Amino acid sequence: MGMQKPPGLKLVDENLRRIDGRRLDELRPIKMKVGVLNRADGSAYVEWGKNKILVAVYGPRELHPRYMQDPTKAVVRARYNMAPFSTEERVKPGPTRRSVEISKLIAEMFSGIIFIEEFPRSAIDIFIEVLQADAGTRTAGITAASLALADAGIPMRGLVTACAAGKIDGYVVLDLNKEEDNYGEADMPMAMLVKENRIVYWQMDGQMTEEEVRTAMKMVKDACEKIYEMQKEALKRKYVDLEGL
Amino acid sequence: MRYVPRLDLSGHKSRELVFPGDFLGDGRPLMPTLYAYSDGSRTYSAVIGIPQPTRTVIPLNAKYLPKRDDIVIGIIEDVQPVFWLLNLNSPYPGVLHANETPWEVGFGETGKYLNIGDAVIAKIQAVDETRRVFVTMKDTRARKLTSGTLFFFPASKVARILGKGGSMVSMIKQKTGTSILVGQNGVVWVRGHPIAAMIVGEALDIISRYSHLVGLTELVSKYIDKRVSELKDLFK
């Protein structure tokens with residue numbers, strides 16, 4: 001969206017294959033690892049296609065400055081940040097309009113999932129660092145953040161799983177990559193609690209009909225079920241198979 | 001991070017674990033708990049941990065939440081005219097008022113007794129609903145610590161460090177010839193030969209890291225035996 005599509009570029013070919021060879025409802029390859037940082041209370045690393053994302057979670061811990069403390073619940077703070085070297089063109093360091101928005105939404109989403117009322121006056125900090133970006137970093141970041149929160153032992157309703165769907169060349173497709181995101185017609189990231197079948201985060205950029213949105217949501221839901229299993233596998237690898245312990 | 005050796009874990013299996021959102025059983029939890037939740041008729045885990053028959057979970061990793069009458073080890077992190085603030089290895093600092101010490105502390109004389117960085121054994125006197133914590137040293141077990149080494153662990157590991165009826169900690173004490181005090185907040189105080197204290201630290205790291213394995217005592221016991229024999233020349 002937003003960018004002029006180069007003339008002659010076909011995002012979906014006549015065999016319904018996309019430019020990276022995927023089918024319309026196929027995810028990119030995903031790798032997850034839990035407990036990668038020693039200093040943080042919890043951490044996770046996710047590779048999602050060409051995305052590389054590192055998440056650290058601290059807390060619950062004392063909240064400074066004190067005027068930010070809430071005597072009834074914990075404050076969840078999130079920082080989504082793209083490394084300067086994460087894209088082809090250097091990203092200027094520091095918060096941007098986009099990263100402030102994503103951080104705010106992620107913090108608000110996790111506030112509704114973590115049992116924050118159990119930890120009055122404290123802070124739970126989530127740091128999402130995008131080391132390499134290729135579209136879909138916020139969904140990969142949310143997926144990694146929920147692993148890191150579980151690793152930190154922070155009580156929550158369940159693991160949050162996120163994925164995006166969108167529209168390219170008139171087709172509704174799952175998990176857009178950079179080219180599809182730039183030259184496609186719509187992008188719709190969504191996060192959910194798979195076991196409760198509850199949507200906890202939903203955004204859309206671009207235009208789709210109601211019917212297309214329904215198809216996209218169904219695609220994301222099915223994909224989230226697969227990603228959820230991967231998340232549990234990643235946690236099991238650390239704790240049950242003792243990998244890296 | 002201290003040196004923690006790679007262990008031969010063959011033959012050691014993890015206990016059954018649950019993850020956030022996993023189903024624990026029908027009905028509500030049988031005990032009040034932070035680590036499980038129910039929608040009224042079904043109970044789910046809120047953390048990674050070991051499920052219990054009471055439909056609760058023992059978390060693998062949890063911060064210390066102060067509870068009345070707990071004996072804890074705290075580090076002074078701030079000195080005020082009539083009280084000290086203690087780091088309790090918890091999201092919540094403890095307030096130690098000058099009147100709650102065995103000494104007669106005049107106004108502004110707090111720094112003469114305890115300073116930043118000093119460690120004390122203290123008792124949790126009260127915790128209010130917003131988790132403000134008050135600690136006291138008016139207890140026979142309370143005192144200022146002047147020697148030894150401190151190790152820090154998540155409070156959820158305390159039960160495993162102690163072992164059933166204190167079996168784990170007494171085994172470590174006996175094998176290393178040290179004296180060990182485990183605070184309920186996960187701070188462990190070790191006195192003894194410096195090399196012995198180092199071995200205890202490594203053993204505690206193993207307990208903390210592999211707390212969910214079956215046969216943990218045996219693993220730790222073997223490790224201590226190995227280290228003690230490797231380093232016996234240093235015990236002079």
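In chain A, S1(A) and strand S2 (residues 42-48) pair in the antiparallel sense over five bridges. Helices (H or I, at least four residues) and strands (E, at least two) are DSSP runs, numbered from the N terminus. Two strands pair if DSSP finds at least two bridges between them. Lys33(A) stands opposite Tyr45(A) in S2(A). The model is predicted: local features need pLDDT of at least 70 and side-chain atom pairs count only at pLDDT 80 or more, while totals for chains, interfaces and linings use all residues. Residues are numbered from 1 along each chain as its sequence is written, and chains are lettered from A and ligands numbered from 1 in the order in which they are written.

S1(A) and S2(A) belong to an open sheet of five strands. The order is S1-S2-S3-S5-S4 in chain A, and the pairing is mixed. Strand S1 (30-34) and strand S4 (75-82) of chain A stand at the edges. Each has a single partner strand, so one side of each is left without a neighbour in the sheet. From one strand to the next, the twist averages 15°. Axes are lines fitted to C-alpha atoms, for helices over the stretch in contact, and angles run from 0 to 180 degrees between N-to-C directions.

Val75(A) has Ala123(A) in S5(A) as its bridge partner. Six of the eight residues of S4(A) are buried, so S4(A) is largely enclosed by the rest of the structure. A residue is buried if 20 or more other C-beta atoms lie within 10 Å of its own, exposed if 12 or fewer, and partly exposed in between; C-beta atoms are placed from the backbone. Helix H2 (residues 137-151) of chain A lies across S1, S2, strand S3 (51-62), S4 and strand S5 (122-132) of chain A. H2(A) runs at about 150° to S2(A).

Chain A as a whole has four helices and 10 strands. Along the sequence the pattern is β-β-β-β-α-β-α-β-β-α-β-β-β-α. The C-alpha trace of chain A spans about 55 × 40 × 35 Å along its principal axes. A compact globule of 245 residues would have a radius of gyration near 18 Å; chain A has 18 Å, which agrees. This radius is taken over C-alpha atoms, and the globule rule is 2.2 Å times the number of residues to the power 0.38. Of the 245 residues of chain A, 48% count as buried. Among contacts in chain A with a separation of 6 or more, 70% come from residues 24 or more positions apart. Two residues are in contact if their C-beta atoms, placed from the backbone, lie within 7 Å.

Chain B was divided by domain. The assignment gives domain 1 (23-59), domain 2 (71-145) and domain 3 (149-234). Such bounds come from an automatic or database domain assignment. The C-alpha centres of domain 2 and domain 3 of chain B lie 27 Å apart. Their contact takes nine residues from domain 2 and nine residues from domain 3. On the domain 2 side, strand S6 (71-79) and strand S9 (119-127) of chain B are the elements that give two or more residues. S6(B) has the largest share of that side, three residues. By class, the domain 2 side divides into seven nonpolar, two polar and no charged residues. Ala, Val, Leu, Ile, Met, Phe, Trp, Tyr, Cys and Pro count as nonpolar, Asp, Glu, Lys and Arg as charged, and the others, Gly among them, as polar.

Ala126(B) is found in strand S9 of chain B. Ala126(B) counts as partly exposed, with 13 C-beta neighbours inside 10 Å. Neighbours within four places in sequence aside, Ala126(B) is in contact with Arg68(B) and Phe134(B).

Chain B also holds an open sheet of three strands, in the order S12-S14-S13, with antiparallel pairing. Strand S12 (149-152) and strand S13 (179-182) of chain B stand at the edges. S13(B) and strand S14 (residues 187-191) of chain B pair over four bridges. Val182(B) stands opposite Val188(B) in S14(B). Helix H4 (residues 194-209) of chain B packs on the sheet, touching S12, S13 and S14 of chain B. The direction of H4(B) makes about 10° with that of S12(B).

Between the chains, 23 residues of chain B are in contact with 26 residues of chain A. The chain B side has 15 nonpolar, five polar and three charged residues.
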